Amino acid sequence: MKISYNWLKEFVNFELNPRELASVLTSLGIETSVTLGGCGWTSVYTVKVLDVQKHPDANKLFLCRVSDGMQEYSIVCGAKNIAVGQIVPLAKVGATLPGKFEIKKSKIRGVESEGMICSEEELGFKAESDGNILVLSENTEIGAPLETVLDNIDSILEVEIATNRGDCLSHLGVAREIGAKLRKIVSMPIIKSFNAPQLNCVEVKSNLCLRYIGCIISGVKVGSSPKWMIDVLEKSAIRSINNVVDIANYVMVELGQPLHAFDVAKLNSKKVIVRQANDSEKITALDGKEYKLDSDMLVIADNQNPIAIAGIMGGEYSGVDEKTETIFLESAIFDATSVRKTSKKLNLSSDSSYRFERGLGWDIADFALWRAVNLITEIAGGKMEAREDLQTVKYARTNIALRVERVAKVLGYIVEDDEIAEILRFLGIDLQPRGEILLCTVPSWRNDIKEEVDLIEEIVRVKGYDAVPALKKHTDYNKYTLNNSFLSKVVEDFRAKLKGLGFSEALNYSFSEISELEKFGLKYYYKIANPISKENEVLRPSLLPGLYKNLTLNIGHGAETVTLFEYGKIFNEMGERKTFAGIMYGKIWQEWWKWLEQKISPKYDFYFGGGIIKSVLPSDEFVISENLTLYNYYHSGKTAAIMHRGNVIGQFGVLKPSITEDMKDDVVYFEIDLESIEKVCVDIHPTYKAFSKRPVVKRDISITADKTLQLAKIEKVIKDIMNTGFILREYSLVSVYVDEEKLGAEKISYSFRLSYKSDNKTLTDEEVNNDMNTLLQKLDAELGVKLRQ
């Protein structure tokens, strides 16, 4: 949401510059950045246009001669509204404009230009300028820096509001936060009310409408809005329509309450009806699209047709235009959940629905209507003929008892009683002291404050989290049993090892989009009843969708190598599970790390990924083995299981080509069930094991086998020898060789490197040979595998 710095200062008197203000708001939990900062240019001066001629080589360009009172400049300009006698802004050669755009001397269609005459868009005042330059007042001094002659230089703040802080979706709401932090009183717009008959012009037939205020204003003259209002709306990224619609939008941005105006002459009845739609009922909204409604959706209607989708968008045929003379103005409070469900079903959102979904204050609905009535009668004329306020529920204010001593216990430090009371009062909370208790009445706009701890959070938020004293970290490891600490130790060990290997940690939400899960063949088990967005429909059954999205995002930003890991919870058929996962893609090392002789940069593949995983596992008891129950997203020929004493605790492998078709190289992924690790390792106590000083004996063997024979079966025989002979400690596949002439059409050769070692003696050749011969005999007898000649 875009916020005007100057507009905020109309609510609160503060001296902070825009960037200081952004920092203060961020500290309050409202993430803020300055997108346009006041004077976003240098070396822009006012000049007078002395002469305008057609460009000899371009029909849409003009040759202009301008003066700053001291010197004349030749400028090529394409603006349609350029004319002799105008005072305009000139960016001279060497000037910079918003976006770090530097002005240089250049030739345009063969004619030299000594600068650029600027539009409001180029100066950062507007998003678009229709090709017109900014024309200043004829009384403007020429030769003056532009910033010294403008009185409307503003800074635009981009704010991100948390979903539970709908009260901040307006200039008033943000101003309240500033006022609370700086202990400044917020000034409200001055309004006056009118006496009007309470006519029966509204009928509410659904409890999804909590409050509905409407009024009839006759004699309005619909036209364009005053320039100041158009400028303010443009700063908030809202396009001007006409004075009545603009006023409704202005009040929404100012106070946070959406309003809507209907043309009374276009309605088929004198009464406005708030009801639930009929199944298959249709409405053409203001965006020109037709929407099919159902009975769960709330609409505003006349006695024949719906005229608006409640809280989201008005209907096209009842809209206000230049022929409108009498309007019905609406200010309401609709059920937030209903508005959200309707918005998602119709795939239709608006500035209004964004606010309704987050909850509105009960009192602001009435104040906002009077504010709009005041502006309409002032700008568009007219007279309020009737008014009605219907409330289907009795609003009850939230009262919370705050124990003063509880504040210190929760925060860990003392906040003085007077400061507690001051902070709460500046937040709009009414206080009634009751001994050691403060009875707090929460204002209607703070729907997020419901319990005592919420008030304590508000105190520390406004006081400042940096005021919380640092606690000395002291850990008594003796009070933890292995069962309680093992999992955290494993996670920290994984983190340390992977960071040392160049991995970065990712952090994703615990939600997924159903279509994303389908891409990986994943099934969801827990669906969110009222998701915040389509991307948050279900609880994630795997960490893969989030990590893969991180991968594609980084690649999209030009990264050639991406190595990420994540620790988090997944939700599958076994319930909530703690999981650790990682994803690898691209070159293993940077170009400048290669040996000069190496022509090809090695990339992450199944084998290198297996080495990474083996290096981070807690002990040698964890092994890489054949994957008998692989997940749908793995390449069937490039996957393996991670096991501990016969128990599967994870899987890894290369993702299917059908999933990674947009990738140039393999994507390696692993996921480890941490709770399985904890289960199988809970009774393991770390013990010291002396490192053997005896030498290692290495032998290489090459064997031939049928191509149809799985490599896993050969590896199983090797592992059996390791478990019985006890001197064969390690093996690795060195190469795979195929040659029909030398081996035969159906034969394949594997070369293994074997490592022999004893803990208590130096092995002799005879001992190693005997063990190796036993291996070869077992391979021949069980699998028909022979030593290659």
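Mentor: Start with the term: a salt bridge is a side-chain nitrogen of Lys or Arg within 4 Å of a carboxyl oxygen of Asp or Glu. This is a predicted model, so local features need pLDDT of at least 70 and side-chain atom pairs pLDDT 80 or more, while totals for chains, interfaces and linings use all residues. Residues are numbered from 1 along each chain as its sequence is written, and side-chain values use heavy atoms, with hydrogens and water left out.

Our part is the pair Arg-371 and Glu-254. Their side chains form a salt bridge, at 2.9 Å from N to O. Arg-371 lies in helix H9 and Glu-254 in helix H6 (residues 243–255), so the pair ties together parts 117 residues apart in sequence. Helix H9 covers residues 364–379. Helices here are DSSP runs of H or I with at least four residues, strands are runs of E with at least two, and both are numbered from the N terminus.

Now look at burial. Buried means under 20% relative accessible area, exposed means over 50%, and partly exposed is in between (1.4 Å probe, protein chains only). Arg-371 has 13% relative accessibility, so Arg-371 counts as buried. Glu-254 is at 2%, and therefore counts as buried too.

What does Arg-371 touch, leaving aside its neighbours within four places in sequence? Contact means heavy atoms within 4.5 Å. The partners of Arg-371 are Pro-189, Ile-190, Ile-191, Tyr-250, Val-251, Glu-254 and Leu-255.

Now compare other pairs. The structure holds 46 salt bridges. One of them joins Glu-357 and Arg-358, with the closest N and O atoms 3.6 Å apart. Both of these residues are buried. In another, Lys-638 pairs with Asp-666, and the closest N and O atoms are 3.7 Å apart. Lys-638 sits in strand S32 and Asp-666 in the loop between strand S33 (647–655) and strand S34 (667–673), so this pair ties together parts 28 residues apart in sequence. Lys-638 is partly exposed, at 32% relative accessible area. Asp-666 is partly exposed as well, at 27%. Salt bridges also link a network: Arg-165, Asp-167, Glu-177, Arg-446, Asp-448, Glu-458 and Arg-461.

Finally, the whole chain. The protein chain has 20 helices and 38 strands. Its radius of gyration, taken over C-alpha atoms, is 36 Å, well over the 28 Å that the globule rule gives for 789 residues, so the chain is more spread out than a compact globule. That rule is 2.2 Å times the number of residues to the power 0.38. Along its principal axes the C-alpha trace spans about 110 × 80 × 60 Å. Of the 789 residues, 47% count as buried. Among contacts with a separation of 6 or more, 69% join residues 24 or more positions apart.

The chain carries 99 positive and 111 negative side chains, and the centres of the two sets lie 3 Å apart. Lys and Arg count as positive, Asp and Glu as negative, and His and the chain ends are not counted. Each charge is placed at NZ of Lys, CZ of Arg, CG of Asp or CD of Glu.
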